[in-house]
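Student: Could you walk me through this protein, one spot after another?
Tutor: Gladly! Let's look at it together.

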Amino acid sequence: MQIPEISVIIPVFNAAPFLQESIESILNQTFSDFELIILNDKSTDESLEIIKKNQSKDNRVIIIDKEQNVGPANLRNEGINAARGTFIALMDADDVALPTRFEKQITVLKNNPEIGVCGTGFTFFGSKKNKTINHSNDHDAIKVSFLHSCNIGNPTVMFKKEVLGDLKFDNDYVPAEDYDLWSRLLAKTHFYNIPESLLNYRQHDNNISKTKIDNVNRSVKRVKIKQLAALEIDPADPKIDFYLNAVSLQKKLSPDEIIETINASKFLLSQNEKIQYFNQNLFKKHIDKVLVRTIRNAGSFNIAFYKHLSKKEKALFQKISLFDRTILHFKSLFGR
């Protein structure tokens, strides 16, 4: 077979109700020079039969059928290793790609050699009202935004295989393995998000267990701590939580905790000014926004806190809207 330009990777586990629609959305792309690698993770429903039916009709479909369940991170790594294309496109088994997704992404990657990873906007559909998400598209802005959350939709990603090097999805970070990988790759290549929804992202009514939520929060925190290492912040630093609070909103903090967070933010800004890892202007805007929201969402208020902000943190205090400063003063007077 001729070597395709794109290798598309879809991990599958018990996705029968939505799988055909997802596969068809790939096979019907306006850009057709690709192989579609579908990895079946020992599904117990009709997923494998659906995949085989599509393979019988389209020789671009390649099946990797696992005898043991290994999870999505390991499946994607196996798919990447098997891929022959210059470009890798990711896709989930229950989402729907719009017809021009590949055409538009490969154009960006071919015409901009500095860009190694290209995402797109996406639209939630399914259990909730449709909502379109367009993340930042400029690399410097994406890089700063990653301090708060994953700023690229994983099933929208297309990347140049060569930029990955020896990096891979880490199963220890499931279910936030995508956030972990992209945050590490940010230092090696430029990211870009096409400001257009080119994928429909399916939402489900599944109840998420407390255990899974705890696992997500734990993994996300580890990813954020690793990003701060670029500013020479030691993960074992006793002030690590305050550094995290300075770049990612934490609600219900006490006045003392907010003051510690403000002090931590000043150290982060001084470190970045020295190291120049983030765009300093964007980094400061991000931190100021987080701090203002943190103050508005404080767990309690008192007049000493208000005086501290208005007299010792004047620059930050002035960034709070007049309306919110008035509410803050009122709450501080009454200790609410």
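Tutor: Asp-33 lies in the loop between α1 (16-27) and β2 (34-40); helices (H or I, at least four residues) and strands (E, at least two) are DSSP runs, numbered from the N terminus. This is a predicted model, where local features need pLDDT of at least 70, side-chain atom pairs count only at pLDDT 80 or more, and totals for chains, interfaces and linings use all residues. Residues are numbered from 1 along each chain as its sequence is written, and side-chain values use heavy atoms, with hydrogens and water left out.

Student: Is Asp-33 buried, partly exposed or exposed?

Tutor: Buried means under 20% relative accessible area, exposed over 50%, and partly exposed in between (1.4 Å probe, protein chains only). The relative accessible area of Asp-33 is 30%, so Asp-33 is partly exposed.

Student: And is Leu-333 buried or exposed?

Tutor: Leu-333 is found in helix α14. Its relative accessible area is 51%, so Leu-333 is exposed.

Student: How far apart are the C-alpha atoms of Asp-33 and Pro-4?

Tutor: Along the chain, Asp-33 and Pro-4 are 29 residues apart.

Student: Which helix gives the largest share of the nonpolar patch?

Tutor: The largest share, 3 residues, comes from helix α14 (residues 322-334).
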